[in-house]
Amino acid sequence: VQLQASGGGLVQAGGSLRLSCAASGLTFSLYAIGWFRQAPGKEREFVAAISRGGSVTDYADSVKGRFTISRDDARNTATLQMNSLKPEDSAVYHCAGRRSWDTPRIGYNYWGQGTQVTVSS
């Protein structure tokens, strides 16, 4: 199983980035997908999650209204559109997968390598 996040970079505050999570080695449509981030010296935190089929989403309060999670099961890809970025959004962003949706903010089985997002003020 492999999950690979991409699309990070350096952006000014107020700008946008679109992160992608490409999955292989699993039946993507059977997995809920989550995005998490970790800044230096801080614990990893939940950002957003999307259920199997994409009918339900969950967002951390800190990103609600600015970030949008989506998925394309035909392409085995999940996307995190990030708008109105703030310096405090700077972190390494990881995508993760899990079969069930009962606790979408924890309990992920599969994790990918992250992509760095840096927001300058």
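Let's start with strand 9 (residues 91–98): seven of its eight residues are buried, so the strand is largely enclosed by the rest of the structure. Buried here means under 20% relative accessible area, with exposed over 50% and partly exposed in between, using a 1.4 Å probe and protein chains only. Strands are DSSP runs of E with at least two residues, numbered from the N terminus.

Before going on, a word on the model: it is a predicted one, where local features need pLDDT of at least 70 and side-chain atom pairs count only at pLDDT 80 or more, while totals for chains, interfaces and linings use all residues. Residues are numbered from 1 along each chain as its sequence is written, and side-chain values use heavy atoms, leaving out hydrogens and water.

So who sits beside strand 9? Two strands pair if DSSP finds at least two bridges between them. Strand 4 (residues 32–38) runs antiparallel to strand 9, with seven bridges between them; here Gln38 faces Val92. Val92 also has a bridge partner in strand 11, namely Gln116. Strand 11 (residues 115–120) pairs with strand 9 over three bridges, again antiparallel. Then there's strand 10 (residues 110–111), joined to strand 9 by two bridges and also antiparallel, with Trp111 opposite Ala96.

The structure has one disulfide, meaning a pair of cysteine sulfur atoms within 2.5 Å. The disulfide joins Cys21 to Cys95, with 2.2 Å from S to S. Cys21 belongs to strand 3 (residues 17–24) and Cys95 to strand 9, so the pair ties together parts 74 residues apart in sequence. Both cysteines, Cys21 and Cys95, are buried, and their link is right-handed, with 75° about the S-S bond.

Terms used: Helices (H or I, at least four residues) and strands (E, at least two) are DSSP runs, numbered from the N terminus.
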